[in-house]
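Look over the sequence and the structure shown here before reading the briefing. The notes after them are grouped by topic.

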Amino acid sequence: MDVDPRHYEHVATNDNDVRNIVLSYLVHNCYNETVDSFIACTGMKQPVDNLEGMEKRKRIYHFAMEGNALKAIEMTNQVAHDLLEKNEDLRFDLLSIHFGELVCSRRCTEALEFAMTKLAPFGKVHKYIGKLEDFMGLLAYEEPEKSPMVHLLSLDYRQQVADCLNRAILAHMNLPSYTAMERLIQQTTVVRQCLSQELGKIMHSLIFVPSSPSYLGLNFDKSAFFSTRIFSERSGGLLIYQRGQCRSNYENYVYYTVKCRLAKANEYPSTSPASFIKEPHKYFDQAIITVRAGDGGHGAVLNMPNERAGRPQGRHDKERTRKKTLYKRDFDGSLILPMGGHGGDVVIYADEEKDSLLEFHEKGQYNAKRGGNVDAMGVLTSQLHGGLAAPTLRIPVPVGTVVKRKRGKLLADLANPGEEVLVARGGQGGISLVEIPEHRRKKLMALTTNVMRDDTDKVLVLGQPGEEVSLELILRVVADVGLVGLPNAGKSTLLAAITLAKPDIADYPFTTLMPNLGRLGGDPSLGAGMYSSEATLADLPGLIEGAHLGKGLGRNFLRHLRRTRLLVHVVDAAAENPVNDYRTVKEELRMYNPDYLERPYIVVLNKIDLPEARDRLSSLTEEIMRIGSDDISSGPETSSKDALQSLSSKDGPADLSFPGIYIRDKKDKEIEDYPRPLAVVGVSVLKGIKINEMLKEIRTALRKCRDGDGALELSVQT
Ligand SMILES: Nc1nc2c(ncn2[C@@H]2O[C@H](COP(=O)(O)OP(=O)(O)OP(=O)(O)O)[C@@H](O)[C@H]2O)c(=O)[nH]1
Ligand SMILES: [Mg+2]
């Protein structure tokens, strides 16, 4: 059935539904003041979770984030007295945060005592042992922030625990542990993803939603409709809803069958099939894979070469004897028998040819070859003419990929081309034995030192299995310029205006869900340097207040700024208070990682085609120029050097992904103490006003980075 997608434009969205969704989000995340004003403005009913409960959850969340986990436990026990008794995992995680805080503040004796009394009992349960070992390992380092287990001290880790705790408390109060908004995003993502994969095909999917009126009176079946409508607006797919009822063992469900098909109306501006082709970029920067190294080849039990000497020999026997006599002898006269081949190792390396992790979503399992067996004749099996050991399986990933064990240790940060890490070791090949009576063999072996045995003293004829590990690959975008700003400021429009990238652009916040990359054309005036041909720009999802704590989408992507040299702050000059917006973004950057504020940056005041922006352009420019310091010590060149130094050092404080830990003191600085922008330009990226001036400023700033850091450039590139 072909339905013109434009018909969906006329489907009215009920304001109350939208308000409920917003309110549930605010309540879930404990924005009690905003909830207050939201209720006052909209005249909505007080939520089920009253302000007092919200305030308590908020305090618990903040205690966990600050590392004051004992206080978080105490308060949790007050609001949900048996929650932590029942949820051992959560209790362990909270205690581990407290332990981490003690280690960070160098109170090692106290940390040790705490571990012995509070954490050690968890060691009886197998699943905690690995994590306990990692935590205890922190004590062995003079600077635990530089240890491979630094992720256990990071804000990310605390945030994960704090989020889990918040969800658990909500569930304990019989409130939904996910907000309607989160569900909408999950559903929309799934539908859009499926549609992009099934380009041109009809697909059917069922969206199950609880039929009972949910938290705050919001009926989720409406939210399902809402999400699919967003989808239809943004991607131009056709959606046909069929309502139905079904029962599972536990709950009554309302379900919608959603049929999706690509819109045929190509002339409709937002329904271009090109937008579907971009869809897979969603997960270009993260992937989970499993790798398995090859098993070792088996050894064999071989005949003694001289056992049949003297007997009449046929043609085959002669041939066999010829092979057997090929066994070499050691200096003491003992036979050197062939071993099974070593299984192939698995290595991951940084390859300049690769630019995303997308392919790992198609193929998630990588197996290296097994080592060759020794056949009964003591010669190599035919498949292994080239040698017994299996080749190493080398997996290329983009430069800038961080390799971690799934939910575990950081294994490598492959920041430079050619860098590699061994992630799974191949199994050892089995040994061969000669066929002699058991009692003689035992005697013989007792004399030999190089016979492999396992734990039970059994001789290893069979090859050993190769290692198998699940890995998380995270790509930190390697871009020269990072575009930052509040949602809707025009970052994606800017990227589309000056590069060939075609990001999603729309008039609502969080259009960009994953970073988009674009390449700036070469500027001949730059000379033969890094930027003579091009620079890469990354358009990041919009930041909002609280992004550094994980609000909005920001935090997940702030890490992509790590490798940028220049930031471009995009500010909507037609907004109500552009200077405040600018300050908000700077504050978020400062809270996430103060070093970001020390990087050179320019400010783009966008949307000057609109009168409200154009009229106040000069006053805005002046005001923004006033924010910041001229102090040379924190000037752009020094700071850029710092940034580069941190990039070139592999294991120093360079790892800015866990910034909250060792740069705490820098957070005491005010925004005014950081450098001013290199330039402020007013543009309209949509209407193409003053684009050339903006480009000139970007290029001049890039040149400044290059000139200022010339000496360091070499060390980064080598
Ligand atoms: N009038 C006017 N509108 C603009 C200009 N630049 C962008 N817009 C509009 O602003 C809206 C948001 O633009 P986007 O480029 O999607 O904004 P963004 O900063 O990428 O937003 P997020 O992806 O949500 O962070 C769109 O409707 C654009 O058409 C401009 O120069 N003038
Ligand atoms: Mg965008």
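In which sense do strand β4 and strand β15 pair, and over how many bridges? Strand β4 (residues 286-292) and strand β15 (residues 468-475) pair in the antiparallel sense over 7 bridges. Two strands count as paired if DSSP finds at least two bridges between them. Helices (H or I, at least four residues) and strands (E, at least two) are DSSP runs, numbered from the N terminus.

This is a predicted model, in which local features need pLDDT of at least 70 and side-chain atom pairs count only at pLDDT 80 or more, while totals for chains, interfaces and linings use all residues. Residues are numbered from 1 along each chain as its sequence is written, and chains are lettered from A and ligands numbered from 1 in the order in which they are written.

**Confidence and overall make-up**

- The mean pLDDT of the chain is 71, and 61% of its residues reach 70 or more; pLDDT is the predictor's confidence in each residue, from 0 to 100.
- Over residues 378-387 the pLDDT is below 50, and this stretch has 17 contacts in the model beyond near neighbours in sequence. Two residues are in contact if their C-beta atoms, placed from the backbone, lie within 7 Å.
- The pLDDT is also below 50 over residues 524-533, a stretch with 13 contacts beyond near neighbours in sequence.
- The scores of the model are ipTM 0.99 and pTM 0.46.
- There are 24 helices and 21 strands in the chain.
- Of the 718 residues in the chain, 38% are buried. A residue is buried if 20 or more other C-beta atoms lie within 10 Å of its own, exposed if 12 or fewer, and partly exposed in between, with C-beta atoms placed from the backbone.
- Among contacts in the chain with a separation of 6 or more, 74% are between residues 24 or more positions apart.

**The sheet that holds β4 and β15**

- An open sheet of 5 strands runs in the order β9-β4-β15-β11-β12, and its pairing is mixed.
- β9 (365-367) and β12 (410-414) each have a single partner strand and stand at the edges, so one side of each has no neighbour in the sheet.
- On average, neighbouring strands of this sheet are turned by 25° against each other, direction ignored. The angles are taken between axes, which are lines fitted to C-alpha atoms (for helices over the stretch in contact), and run from 0 to 180 degrees between N-to-C directions.
- L410 belongs to strand β12. L410 is buried because 20 other C-beta atoms lie within 10 Å.
- Leaving aside neighbours within four places in sequence, L410 is in contact with P148, H151, V402 and K404.
- From C-alpha to C-alpha, L410 and E472 are 9.3 Å apart in space, and they are 62 residues apart in sequence.

**Around ligand 1**

- Ligand 1 is surrounded by 25 residues, of which the closest are G490, S492, T512, G542 and L686. A residue is near a molecule or strand if its C-beta atom, placed from the backbone, lies within 6 Å of it.
- The shell has 10 nonpolar, 10 polar and 5 charged residues. Ala, Val, Leu, Ile, Met, Phe, Trp, Tyr, Cys and Pro count as nonpolar, Asp, Glu, Lys and Arg as charged, and the others, Gly among them, as polar.
- Helix α16 (residues 491-498) gives the most to this shell, with 3 residues.
- In α16, 6 of the 8 residues are buried, namely K491, S492, T493, L494, L495 and A496.
- These buried residues pack against β16 (481-484), β17 (516-520), β18 (535-539), β19 (566-572) and β20 (601-606).
- N488 lies in the loop between β16 and α16. N488 has a positive phi of about 75° although it is not a glycine.
- N488 is partly exposed, because 19 other C-beta atoms lie within 10 Å.

- In β20, 6 of 6 residues are buried.
- In a regular strand, side chains alternate between the two faces of the sheet.
- Both faces of β20 are covered, with Y601, V603 and L605 buried on one side and I602, V604 and N606 on the other.
- β20 pairs with β19 in the parallel sense over 6 bridges, and L605 in β20 stands opposite V571.
- β20 also pairs in the parallel sense with strand β21 (residues 679-682), over 4 bridges; here V604 has V681 in β21 as its bridge partner.
- K607 is found in the loop between β20 and α20 (611-614). Its phi is near 70°, a positive value in a residue other than glycine.
- K607 is buried, because 26 other C-beta atoms lie within 10 Å.
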